[in-house]
Each structure stands twice: as structure tokens, then as C-alpha cells.
Amino acid sequence: MTDPDPGQDLAEELNRRLREVVLMLRRASADLPVTSQQGTVLASLEHGPMRMSALADEHGVRLPTMTAQIDRLVRDGLVARGRDAADARVVTVRLTARGRERLRDTRARCVAFLAGRLALLTHDQRVALAAALPALDVLFGSPGPP
């Protein structure tokens, strides 16, 4: 009999913990004026306008779902629609000043909450967590900090 794949066990544990992190952050931000999903859309627009299709792809949703999300953000004055200069058929979305402010406030609240939770860890636990961040960057396909 072969031993089970140790990567499978690690994947299951990581999946469980990621779910717990997502739920914890949702609870921490439940009383904010934007939902956690809306906050992630605002964060996607932080560095400039994006095509609606690119936003939907990034968030793993279909275009009609993203359109509904953007409709709510437009209604609240947090984003604005535009057109791609190269192709007027393409709809883009950008943050408004109000959206940028809301993103900053939401992020500050989340970071403060996480800082409070991190304060519960021992020094060695915080060091171990910091040491794992580069591995998470690779795992999530991001290059990490500059």
C-alpha cells in the first residue's frame, strides 16, 4: 500500500485555514459600508482602470456577475465606467476619489484587525509566519513585495 501524497494533506489543511481567514476577515468587516467582495474589486482597481472582462477573470466570476457588482459600486459613487481608448466597444472601470477613500479606510480597518490578531502570537510564531510569506507569494502566483 502506498503512502498518501503528503501534498494532499497539506493542501487540505491550507484550504481549511484559508477558509477560516476569509470568514474571519468577513466578520471583522461586516459593519463596513462595502462588502468584502466589493473591497476586493476596489483593490483590483487601485493601480488604474481595468476592463470589465479582466475584472471578471481576476475574480473568477462570469461577466454578468461582475457587471452586477460594478452596478452597485457605480450607484454608490465608488467606481465609474469608461471606454477603452483603443476600442470604444470595451467597457472599463476605474476608482473614483470616493472609492479610493473607501478602499483606504477598509484596508486600514482590516490591517488593524490583523495586527491585533498577530499581537496574540508569540514572537517565534510571528517570525515563522513572516518566513512563510515568500512561499505564499509563490503559491499564489504573485511576485511578492519589490
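How many bridges join E1 to strand E3? I found two, with E1 and E3 (residues 91-95) running antiparallel; strands here are DSSP runs of E of at least two residues and helices are runs of H or I of at least four, numbered from the N terminus, and two strands pair if DSSP finds at least two bridges between them.

I note that this is a predicted model, in which local features need pLDDT of at least 70 and side-chain atom pairs count only at pLDDT 80 or more, while totals for chains, interfaces and linings use all residues. Residues are numbered from 1 along each chain as its sequence is written, and side-chain values use heavy atoms, with hydrogens and water left out.

**Sheet.** I read the order as E1-E3-E2 in an open sheet of three strands with antiparallel pairing; E1 (50-51) and E2 (79-83) are the edge strands, each pairing on one side only. Within this sheet I located Met50 opposite Val93 in E3.

**Segment after H6.** I looked up Phe140, which lies in the segment after helix H6 (123-139), and it is exposed, with a relative accessible area of 51% (exposed means over 50%, buried under 20%, partly exposed in between, with a 1.4 Å probe and protein chains only).

**Pocket.** I found 45 lining residues, with Val21, Val22, Leu25, Cys110 and Leu114 nearest the centre, and H1 gives the largest share, nine residues.

Methods: 1 Å grid on protein atoms, 1.4 Å probe; cavity = no way out; pocket = protein on both sides within 12 Å on 5 of 7 lines; lining within 4 Å.
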